[in-house]
Amino acid sequence: MKMLSLLLFFFTNIACKENTTVYICNSPGAKKYHYTSSCRGLSNCTYKIIKVDIEKAKKDGKKLCGWEK
């Protein structure tokens, strides 16, 4: 029974999608996403900072900002 509970917990967590909002600089050359709009990595953004789902940011090839790790 304990093993079954652990397996269910494991597969349930894998099946759940991330539903986190992140921030990106809306410039064509931006490569990172940020968990907070006040992240130091966004300080050089001269374009608009927008809020997107993390899935979209990753799909667009963005990686987590080094300041956020």
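What share of the contacts in the protein chain with a separation of 6 or more is accounted for by residues 24 or more positions apart? The share is 63%. A contact here means heavy atoms within 4.5 Å. The structure is a predicted model, in which local features need pLDDT of at least 70, side-chain atom pairs count only at pLDDT 80 or more, and totals for chains, interfaces and linings use all residues. Residues are numbered from 1 along each chain as its sequence is written, and side-chain values use heavy atoms, with hydrogens and water left out.

The protein chain contains 2 helices and 4 strands. Their order along the sequence is α-β-β-β-α-β. Both kinds of element are DSSP runs, numbered from the N terminus: helices are H or I with at least four residues, and strands are E with at least two. The chain has 69 residues, and 25% of them are buried. Buried means under 20% relative accessible area, exposed means over 50%, and partly exposed lies in between (1.4 Å probe, protein chains only). The accessible surface of the chain is about 5600 Å². Carbon and sulfur atoms hold 57% of that surface. These areas come from the Shrake-Rupley method with a 1.4 Å probe; for residues, only the protein chains shown count as cover.

Strand β1 is mostly covered, with 4 of its 5 residues buried. It pairs with β3 in the antiparallel sense, over 5 bridges. Two strands pair if DSSP finds at least two bridges between them. Within this pairing, Y23 has K51 of β3 as its bridge partner.

The cysteines come next. The structure holds 1 disulfide, defined as a pair of cysteine sulfur atoms within 2.5 Å. A disulfide is a covalent bond between the sulfur atoms of two cysteines. Here the partners are C25 and C45, with their sulfur atoms 2.1 Å apart. The link is right-handed, with 80 degrees about the S-S bond. It joins distant parts of the chain, since C25 and C45 are 20 residues apart. C25 sits in strand β1 (residues 21-25), while C45 sits in the loop between β2 (32-33) and β3 (49-53). Both cysteines are buried.

C39, in contrast, is in no disulfide. Its nearest cysteine sulfur belongs to C65 and is 3.8 Å away. C39 is buried, at 9% relative accessibility. C65 is also buried, with a relative accessible area of 4%.

C65 lies in the segment after β4 (63-64). Leaving aside residues up to four places away in sequence, C65 touches K32, Y33, H34, C39 and G41. One of these, H34, is placed in the loop between β2 and β3. H34 is buried, with a relative accessible area of 3%.

Side chains of opposite charge can pair when their charged atoms come close. The structure holds 1 salt bridge, that is, a side-chain nitrogen of Lys or Arg within 4 Å of a carboxyl oxygen of Asp or Glu. Its partners are K56 and D60, at 2.8 Å from N to O. Are these two residues buried or partly exposed? K56 is partly exposed, at 44% relative accessibility. D60 is partly exposed as well, at 42%.

Aromatic rings were examined last. Rings of Phe, Tyr and Trp (its six-membered ring) pair if their centres lie within 6.5 Å; planes under 30 degrees apart count as stacked, over 60 as edge-to-face and the rest as tilted. By this rule there is 1 aromatic pair. Y33 and Y35 form it, with ring centres 6.1 Å apart. Their planes stand at 80 degrees, so the pair is edge-to-face. Y33 is buried, at 5% relative accessibility, whereas Y35 is partly exposed, with a relative accessible area of 37%.
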